[in-house]
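Q: Could you walk me through this structure? I'd like to start with the overall layout and then go into the details.

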Amino acid sequence: MTNLTFNMSRTIGRTLKAGDEIIVTSMDHEGNISPWLHLAQDLGLTIRWLKFNRETWCIEREDLEALINDKTRVLALNYASNLTGSINNVEQLVDIARSAGVLTYIDAVQLAPHALIDVKSIGCDFLACSSYKFFGPHLGILWGRQEILEELEAYKCRCSSMALPEKFETGTPQIELLSGLSETVGYLEWLGKQLGGSGERRDLLKVAYDGFCDYENGLTRTLIEGLGGISGVTIHGITNNNRIAQRVPTISFTHEKLAPEFIAGAMAQKGIFVWHGHNYAFEPVRHLGIDETSGVVRVGIAHYNTPSEIEYSLEQFASVLEN
Ligand SMILES: Cc1ncc(COP(=O)(O)O)c(C=O)c1O
């Protein structure tokens, strides 16, 4: 995804001029920030920072509206944060940007393992994700609005096809990965059938993802409640039970005394993998006032985790954090 975004930001850059503005957010992963910062540096563009609201954990419409002006050309926006887990109201934010003639580039990497994406209902111009996050191979994916892809001038070998769909493919296709990706979608369809679904691929994917959402939300509630009950823990993200549907099950926390690296190491000794650090959510960590060299402990749940695994993890967290 990061590679594709570096590539596409440069391609979009061919339509921009010095003084044009790009909006990036304090909620995004660096994969949807650094490409735009480099582009701005190369072309003399202005970067405007859109901060997420620290009470709602989301990007609020009035904050976006306040940044858009007649020089704004691109909004780079994340769908769901890979640090706080919160899900933005992308339909609403894209609508605001598009009505002002601003191109919208959505990073859906963190959402794709947990919810079904519908580019048509979002109304965005570009949407990127990464198949290893939804149980497939390490292959970035970029969807673009056809009329925009047709207009843009691709960076590619002059002797290869400039027609869609190959237009933005460079070199030999990653055939093994594409094959793995097809099988991954096949797995998701199979899950849809296991959950009682029938019909076309999209219908099966919907059943599978609806199943994930309900199931993962239950595990998330248990994990948040358990972690929140351990003294010294601060969860950085939505914890309110009524707002669980507005987050993915990616839960980050810090402890008042113990460093994230220590906690992750101690959990690894118990056979539980949790991540530590800024997780490339460099700006979210800074915006929250967290030390960026130590970051947070991040726990990720997927549809294959079981209630007993969550219970076991909580027992282990308690033993590490309370002793
Ligand atoms: C929200 C988000 N965006 C972008 C990326 C980068 O994806 P990739 O590793 O495919 O470049 C990640 C990876 O963790 C992510 O979580």
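A: To begin with the interface, 24 residues of domain 1 are in contact with 26 residues of domain 2. Please keep in mind throughout that this is a predicted model.

Q: What's the make-up, by class, of the side of domain 1 that touches domain 2?
A: On that side, domain 1 has eleven nonpolar residues, ten polar ones and three charged ones.

Q: Where are the domains in the chain, and how far apart do their C-alpha centres lie?
A: Domain 1 covers residues 2-179 and domain 2 covers residues 203-321 of the protein chain. Their C-alpha centres lie 26 Å apart.

Q: OK, helices next. How do α7 and α8 pack?
A: The two helices pack at an angle of about 70 degrees, and their axes are 7 Å apart. Since angles of 65 to 115 degrees count as roughly perpendicular, α7 and α8 are therefore roughly perpendicular to each other. The crossing in which α7 passes α8 is left-handed.

Q: Which residues make that contact?
A: From α7 the contact uses Leu188, Glu189, Leu191, Gly192 and Lys193, while α8 contributes Arg201, Leu204, Leu205, Val207 and Ala208. Sorted by class, the contact of α7 with α8 comprises six nonpolar residues, one polar residue and three charged residues.

Q: And α8 with α11, is that parallel or antiparallel?
A: Helix α8 spans residues 201-228 and helix α11 spans residues 307-321, and they pack at an angle of about 10 degrees with their axes 10 Å apart. That angle makes α8 roughly parallel to α11, and their crossing is right-handed.

Q: Which residues are involved there?
A: On the α8 side they are Leu219, Thr222, Leu223, Gly226 and Leu227, and on the α11 side they are Pro307, Ile310, Leu314 and Phe317. The contact of α8 with α11 has seven nonpolar and two polar residues, with no charged residues.

Q: Changing topic: which residues are around the ligand?
A: They are Met1, Thr2, His29, Gly31, Asn78, Asn82, Asp107, Val109, Gln110, Ser130 and Gly140.

Q: How does that shell divide into polar, nonpolar and charged?
A: The shell around the ligand has eight polar residues, two nonpolar ones and one charged one.

Q: What about the backbone, say around Pro165?
A: The peptide bond that joins Leu164 and Pro165 is cis, with omega at about 5 degrees. Pro165 is found in the loop between α6 (146-151) and α7 (175-194).

Q: And Trp57, where is that and what's its phi?
A: Trp57 lies in the loop between β2 (46-50) and α3 (61-67). Its phi is near 70 degrees, which is a positive value in a residue other than glycine.

Note on methods: Residues numbered from 1 in each chain as written. Predicted model: local features only at pLDDT ≥ 70, side-chain atom pairs only at ≥ 80, totals over all residues. Domains from an automatic or database assignment. Contact = placed C-beta atoms within 7 Å. Nonpolar A, V, L, I, M, F, W, Y, C, P; charged D, E, K, R; others polar. Axes fitted to C-alpha atoms, helices over the stretch in contact; angles between N-to-C directions. Helix = DSSP H or I, 4+ residues; strand = E, 2+ residues; numbered from the N terminus. Parallel < 35°, antiparallel > 145°, perpendicular 65-115°, else oblique. Left-handed = near helix turned anticlockwise from the far one by under 90°. Near = placed C-beta within 6 Å.
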